[in-house]
Amino acid sequence: MPFSSTASSSVPWVRPLGEGAILLRFGTQISDDVNGKVLEYMNSLEKTMHGVDGVKEILPAFASLLVHFDPLKISANEVEEWCLGVTVQDLATRAREPRTVSIPVCYGGKHGADIEDAARMSGRSVDEVVKLHSEASYQVYFLGFTGGFPYLGGLPEELAGVPRLATPRQRVEKGAVGIAAGQTGVYTLASPGGWHLLGRTPQPLFDPTMDPPALLKPGDAVKFVPLPDDYVFD
């Protein structure tokens, strides 16, 4: 079907990816509206996934779903037919109130090495950056990069102009809370990273020994709660 670069639709555009996957795309913009359609569609597919032999997993991104399948058990045409069989009525029944997860954050100081730079780039004071970041409501678009790393939409417009670091750090500590290019996220493991760091949370967001291992899931709502400046990490 024709696809507009600015379109957002409940009916996805389908593209094959190799012999064992297809991509369902719902738009090209990063927005709550587009990602909401992605998650609604994923929930609907997962409800009937058990009855489709050969479909392995469904992975969400900002504006798309990646459906992996075993081509020895099911054809790409059959997977596409199943995916496009989701109706508007199916989607309407999946609407639910998102779960809200509160994440405590110690802002600034040694835990938020870039908060002053973020304040300068946004034309705000450090206190205003903390207030803006902690009073906003966020939505988990998807998990990726490292185990359980949440890509969160909902960053206030005043902070959306803060870009990625010109040179990524070789190591960002577990629990670091950062912003970059209109998004915010939490580093669930120590890793390289290029986001401006505002603070750090003591809340574990990923534990491979747990089931599920990630605290958050796509569609969750997130609130950041400031901790006292003298909070001591274990």
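Helix α5 lies across β5 (100–107), β6, β9, β10, β12 (196–200) and β13 (221–226), and runs at about 145° to β13. Helices (H or I, at least four residues) and strands (E, at least two) are DSSP runs numbered from the N terminus; axes are lines fitted to C-alpha atoms, for helices over the stretch in contact, and angles run from 0 to 180 degrees between N-to-C directions.

This is a predicted model, where local features need pLDDT of at least 70, side-chain atom pairs count only at pLDDT 80 or more, and totals for chains, interfaces and linings use all residues. Residues are numbered from 1 along each chain as its sequence is written, and side-chain values use heavy atoms, with hydrogens and water left out.

**The barrel**
- Seven strands close into a barrel in the order β5-β12-β9-β10-β7-β6-β13, with mixed pairing; two strands pair if DSSP finds at least two bridges between them.
- On average, neighbouring strands of this sheet are turned by 40° against each other, direction ignored.
- Helix α1 (residues 32–48) packs on the sheet, where it touches β6 (138–143) and β7 (150–153), and its direction makes about 50° with that of β6; contact means heavy atoms within 4.5 Å.

**Strand β10 and its partners**
- Strands β9 (residues 176–180) and β10 (residues 183–186) pair in the antiparallel sense over four bridges, and alanine 180 has glutamine 183 in β10 as its bridge partner.
- The two strands β9 and β10 form a hairpin with two residues between them, and alanine 181 in the turn has a positive phi of about 50°.
- β7 and β10 also pair in the antiparallel sense, over two bridges, and leucine 152 stands opposite threonine 184 in β10.
- In a regular strand the side chains alternate between the two faces of the sheet.
- In β10 both faces are covered, as Gln183 and Gly185 on one side and Thr184 and Val186 on the other are all buried (under 20% relative accessible area; exposed is over 50%, partly exposed in between, with a 1.4 Å probe and protein chains only).

**Helix α5 and histidine 133**
- In α5 (residues 126–135), Val129, Val130, His133 and Ser134 are buried.
- These residues cover an arc of only 115° around the axis, which puts them on the same side of α5; the arc is that of the directions from the helix axis to the C-beta atoms.
- Histidine 133 has a relative accessible area of 0%.
- Not counting residues up to four places away in sequence, histidine 133 touches Tyr107, Tyr138, Leu155, Leu159, Val177, Ile179, Thr184, Leu198 and Phe224.
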